[in-house]
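Biologist: I would like to learn how to read a structure one feature at a time. Could you walk me through this one?

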Amino acid sequence: MNNFIFHSPTEFVFGRNTEQHTGRLARQYGARRALVASGGVSARRSGLLARVCESLTEAGITVCQLHGIKPNPTDTKVYEGIDIARTQQCDFILAIGGGSVIDTAKAIAAGVPYEGDFWDFFSSKATVGMALPVGVVLTIPASGSEASGNSVITRTDGLHKLSLRTQYWLRPKFAVMNPELTFTLPPYQTACGIADMMVHVMERYFSNTTGCELTDRLCEATLKAIIDEAPKVMNNPGDYDARANIMWAGTIAHNGICGTGRDEDWACHFMEHELSAIYDVAHGAGLTAIVPAWLTWMQAHNIDKVEQMARRVMGVTPADVEGAAPGAKPRLVALEGIRRLVNLWQSLGLPTNITQLGIPEPDIDTLVCKLHENKGPTVGAYVKLDHTMTRQIYQSAINYQPQ
């Protein structure tokens, strides 16, 4: 096990009607003039935006607003939010929404006190050393951004989709989490969120660091809980307990605890970022189009964790490969685990190859070029993937079918 720092200072306020506490919480963390960031029309149509703004006003907080943040958020809205926050002298950023809104709010929070271009933080030209405090009212469980110091933004000039990771400055001060706010999410959006949180766990699980049995088991338990609850949520969107478990799983998947003491991978996320930057696909769906091909490539190059996940998470038993030669059993177990994962994602209505995303002829040359331009000569850690390897995985993912 590696040395590690686990820092998770966010106050999570979880349960029914918890959005009523937003004003008190924001005031508690120093808000006097808050920029409220939100997405499309759903928060306004449901009345959530009005309820939250009323809560802020009742707490004596002046409200400014930024609307229209879209999935796969871009720098355009970040610049707009920075301008509003500076002009209105905002001292707090409140995100109402899912990962795209929260990530935009974090980028604004870092950019307001910074004299240069906020993109310097994402392009590694500068380090965040100051930021406005951020609060969250979560409506889409998926990204776990309510629990992390991370943000992902796409620069429209050149379509560079990059992530910023901070340990301290951009972790939200509080996250209001009412599972009832997720009851009306469209099924596809719910499924994409489930996939995203699963892959957040996998990016940490697939590690060569030894001596991490507890962290392995935390990852496995989180994945198994998501797998158990996902069909319940899809079959009965108003199942409060299932929604609550899925919402909390998304937080646990990305608050850092599943990565303690180990090297992490993140190759699948980096490869997907190029897909969604160029083709504007839903992030969770892009992941389910990449991960099966990545896993299949990995079982031929570093099988240990693929086989372990098949046994411990996907429930593959020796009986499932009965009669196989001893040397072939680990590979067959791994492949059966991948098949079960693919079947799960397909049952949720998700694509499991790039063609099913509606991209039958992706520009592999551009994907590979931009991936390594943005992330360096190799990506990942479970196996360090060079240009040739990522090309093979992208190519396999076009029309992937389980072996």
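Modeller: Gladly. Let us start with burial: Thr190 has a relative accessible area of 6%, so this residue counts as buried, the limit being under 20%. Please keep in mind that the model is predicted.

Biologist: Where does Thr190 lie, and which residues does Thr190 touch?

Modeller: Thr190 lies in helix α7, which spans residues 187–205. Not counting residues up to four places away in sequence, Thr190 touches Leu185, Val233, Met234 and Arg243.

Biologist: And Tyr240, is that residue buried or exposed?

Modeller: Tyr240 is buried, because its relative accessible area is 15%, and the residue is found in helix α9. Leaving aside neighbours within four places in sequence, its contacts are Gly15, Arg16, Pro179, Glu180 and Phe183. Take Arg16: 224 residues separate Arg16 from Tyr240 in sequence, while their C-alpha atoms are 9.4 Å apart in space.

Biologist: What can you tell me about Leu371 in the same way?

Modeller: Leu371 has 0% relative accessibility and therefore counts as buried. Its place is in helix α14, residues 364–375. Beyond four places in sequence, Leu371 touches Phe270, Met271, Glu274, Gly376, Val379, Thr390 and Tyr394. Leu371 and His269 are 102 residues apart in sequence, with 11 Å from C-alpha to C-alpha.

Biologist: Now the aromatic rings. How is a pair of rings described?

Modeller: The description takes two quantities, the distance of the centres and the angle of the planes. Searching the whole structure gives 13 aromatic pairs. In one of them, Phe12 and Trp248, the ring centres are 5.5 Å apart and the planes stand at 85 degrees, so this pair is edge-to-face. The pair links distant parts of the chain, with Phe12 in strand β1 (residues 11–14) and Trp248 in helix α9 (residues 240–254), 236 residues apart.

Biologist: How accessible are Phe12 and Trp248?

Modeller: Phe12 is partly exposed, at a relative accessible area of 24%. Trp248 also counts as partly exposed, at 37% relative accessibility. Another pair is Tyr205 with Phe206: the centres are 5.7 Å apart and the planes are at 90 degrees, so this pair is edge-to-face. Tyr205 is buried, with a relative accessible area of 0%, and Phe206 is buried at 1%.

Biologist: Which residues do ring pairs link into a cluster?

Modeller: Tyr79, Phe118, Trp119 and Phe122 form a cluster linked by ring pairs.

Biologist: Which charged residue sits over the ring of Phe270?

Modeller: That is Lys375, whose charged end is 4.3 Å from the centre of the Phe270 ring. Tyr205 comes up again here, as Lys305 lies over the face of its ring, 4.9 Å from the ring centre.

Biologist: Let us move on to helix packing. At what angle do α11 and α15 cross?

Modeller: The axes of helix α11 (residues 283–299) and helix α15 (residues 387–398) cross at roughly 120 degrees and come within 8 Å. The crossing of α11 and α15 is right-handed. On the α11 side, the contact is made by Ala289, Ile290, Ala293, Trp294 and Trp297, and on the α15 side by Met389, Gln392, Ile393, Tyr394, Ser396 and Ala397.

Biologist: And how do α12 and α13 pack?

Modeller: Helix α12 (residues 304–312) and helix α13 (residues 329–347) pack at about 60 degrees, their axes 8 Å apart. The crossing of α12 and α13 is left-handed. Val306, Glu307, Ala310 and Arg311 of α12 meet Pro330, Val333, Ala334, Gly337 and Ile338 of α13.

Notes. Residues numbered from 1 in each chain as written. Predicted model: local features only at pLDDT ≥ 70, side-chain atom pairs only at ≥ 80, totals over all residues. Heavy atoms only, no water. Phe/Tyr/Trp six-rings, centres within 6.5 Å; stacked < 30°, edge-to-face > 60°. Helix = DSSP H or I, 4+ residues; strand = E, 2+ residues; numbered from the N terminus. Buried < 20%, exposed > 50% of the residue type's maximum accessible area, 1.4 Å probe, protein only. Lys NZ or Arg CZ within 6 Å of the ring centre and 35° of its normal. Axes fitted to C-alpha atoms, helices over the stretch in contact; angles between N-to-C directions. Left-handed = near helix turned anticlockwise from the far one by under 90°. Contact = heavy atoms within 4.5 Å.
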